[in-house]
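Me: Here is a model I want to go through. Let's take charges, contacts and backbone angles in turn.

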Amino acid sequence: MVNNQLLNELGVTVDGWESLTNPALKGKIIFADPSSSSSGREQLINMMTAMSPTGKPEDGWDFVKKYIENLDGKISSSSSAIYTGVANGEYAVGITNEEKVIEYMINGADVSPVYAKEGITLRTSYCGIIKGCKNEYNARLLVDLLTSKEYQQAAAEELYQRSVRSDVNFSLEGIPATTELVSIEYPTDWVEENSDLIKEKFQELWTSAQ
């Protein structure tokens with residue numbers, strides 16, 4: 001999420017992960033702490049996967065180190081502080097979820113979404129039924145509702161969420177279609193095996209940069 005006025009004043013272009021290491025943006029980027037924010041953790045994984053020179057997430061730490069240095073101590077324990085900070089002009093750039101950027105745009109804020117040209121991981125939300133649950137019939141009704149075209153279309157129009165259904169229209173001015181995004185595969189196995197390490201390593205790099 002970028003604040004258009006601030007970027008214009010800085011004369012900086014933000015088009016991907018690499019652009020966030022521009023010295024002109026030092027201290028003007030806000031990021032959610034991956035240790036306390038699930039969205040921050042996912043964004044860190046995305047960044048590492050996209051910026052790894054080998055395609056292996058674990059080889060993305062060198063870039064993360066450069067990125068942390070450019071944050072200049074600006075990190076938040078709350079994901080909500082990201083989009084409010086950018087919209088209010090406290091920061092030029094914030095790493096956040098797409099739907100929040102769209103919401104602020106529609107409400108008149110001078111902000112825009114940027115989709116990293118190096119690639120973004122497209123993840124889905126999940127719902128399921130617990131085997132042997134007491135109210136399986138009602139659970140099935142709920143899953144049928146959440147996966148129905150009617151609900152998914154409403155979620156796209158009212159919550160600005162992309163759908164995995166190909167028959168749901170997600171068409172908003174200034175927002176690219178899903179097929180237009182540069183997507184990269186989410187490293188599920190690596191994340192499951194290194195969940196604690198990811199947080200520990202980030203904290204190590206963050207502490208050493210302060």
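Me: Which side chain meets Glu-103 in a salt bridge?
Reply: This is a predicted model, where local features need pLDDT of at least 70, side-chain atom pairs count only at pLDDT 80 or more, and totals for chains, interfaces and linings use all residues. Numbering runs from 1 along each chain as its sequence is written, and side-chain values use heavy atoms, with hydrogens and water left out. A salt bridge needs a side-chain nitrogen of Lys or Arg within 4 Å of a carboxyl oxygen of Asp or Glu. At 3.6 Å, N to O, the partner of Glu-103 is Lys-100.

Me: Where do Glu-103 and Lys-100 lie?
Reply: Helices here are DSSP runs (H or I, at least four residues), and strands are E runs of at least two, numbered from the N terminus. The pair sits three residues apart, about one turn of the helix. Both belong to residues 98–106, helix α5.

Me: Is Lys-100 buried, partly exposed or exposed?
Reply: Buried means under 20% relative accessible area, exposed over 50%, partly exposed in between (1.4 Å probe, protein chains only). Lys-100 has 25%, so the class is partly exposed.

Me: How many residues apart in sequence are the parts tied together by Glu-18 and Lys-66?
Reply: Glu-18 forms a salt bridge with Lys-66, with the closest N and O atoms 3.7 Å apart. Glu-18 lies in the loop between α1 (4–10) and β2 (29–32), and Lys-66 in helix α3, so the parts tied together are separated in sequence by 48 residues.

Me: How many salt bridges does a search of the whole structure find?
Reply: Asp-167 and Arg-165 also meet in one, at 2.8 Å, N to O. Searching the whole structure gives a total of eight.

Me: Which backbone oxygen does the side chain of Ser-148 reach?
Reply: Ser-148 is in the loop between α6 (136–146) and α7 (149–158). Ser-148 is buried, at 15% relative accessible area. At 2.7 Å, its side chain reaches the backbone oxygen of Leu-145.

Me: What is phi of Tyr-160?
Reply: Most residues other than glycine have a negative phi. Tyr-160 lies in the loop between α7 and β7 and counts as buried at 15% relative accessibility. Its phi is positive, near 60°.

Me: What is phi of Asp-72?
Reply: Asp-72 lies in the loop between α3 (61–71) and β3 (75–76). At 42% relative accessibility, Asp-72 counts as partly exposed. The phi of Asp-72 is also a positive value, near 55°.

Terms used
A polar contact is a pair of N or O atoms within 3.5 Å; within protein, one must be able to donate a hydrogen and the other to accept it, and residues adjacent in sequence count only if both atoms are side-chain atoms.
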